[in-house]
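Please keep the sequence and the model in view while reading.

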Amino acid sequence: MRYLSMASLSAAVGLVCAVSPLDAQERVREGFWGGVGGGVGFNLTENSEGERLTGFSAFARAGWAFTQNWLVAGDVIGWFYSQDDVDLRRGFLGGSVLFYPSATGGFYLKGGIGGAFSDVSAGVASDGTTWGFGWTLGFGYDIRLGDTFNLTLGADWLFQDVNTFTESSNQLAMLTLGLTFF
């Protein structure tokens, strides 16, 4: 296990050293852009048994870069949990704005509003999808891999107001790794 940790650390240091010269060059953020990725998600609201569930999270977004600093996108974020015969899915479908404080830097802030959903599949009468209002906040960093291609590290918080039988609001936190192209 120790050798695996050392190998992972060495690979991460090698990746940072390899992309550092690219990161120092001027970034291209213009026109159409898109990104996809996945990671881990945490349901911050306790369920009926007092548990906070951990599952898989994923995102897909595409939009337009108006300037090097301001980007807009259609954003789809999902969180998935499955245990035994119960499947729980939560998500967001809406519009987001990304702001890069530096035109040449990779750090960004993100905010969005739209629809939120909660979907339960457990083989009981209350199964189904419920829609409501949602908003998201986040931040991330683009590690430049090429002129228009980035490895994106992100953190998102999703706030949901959906009416289900057991709750009316929910919060999710997600850590993702993705690819973004401009």
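The sections below describe a predicted model, taking its paired strands group by group.

Strand β8 covers residues 170-181 and pairs with strand β1, residues 31-43. These two strands run antiparallel and are joined by 10 bridges. One place to look is glycine 35, which lies opposite threonine 180 of β8.

β8 also pairs with strand β7, which spans residues 149-161. This pairing is antiparallel too, with 12 bridges. Here leucine 158 faces leucine 172 in β8. β8 therefore has β1 as a partner and β7 as another.

## Strands β2 and β3

Strand β2 is made of residues 54-65, and strand β3 of residues 70-83. They pair in the antiparallel sense, and 10 bridges hold the pairing. Within it, arginine 61 has aspartate 75 of β3 as its bridge partner.

## Strands β3 and β4

β3 pairs again with strand β4, residues 86-99. The two are antiparallel, with 14 bridges between them.

How many residues lie between the strands in the hairpin of β3 and β4? There are 2. In this hairpin, aspartate 84 adopts a positive phi near 55 degrees.

## Summary

β8 is bridged to β1 and to β7, while β3 is bridged to β2 and to β4.

Terms used:
Residues numbered from 1 in each chain as written. Predicted model: local features only at pLDDT ≥ 70, side-chain atom pairs only at ≥ 80, totals over all residues. Heavy atoms only, no water. Helix = DSSP H or I, 4+ residues; strand = E, 2+ residues; numbered from the N terminus.
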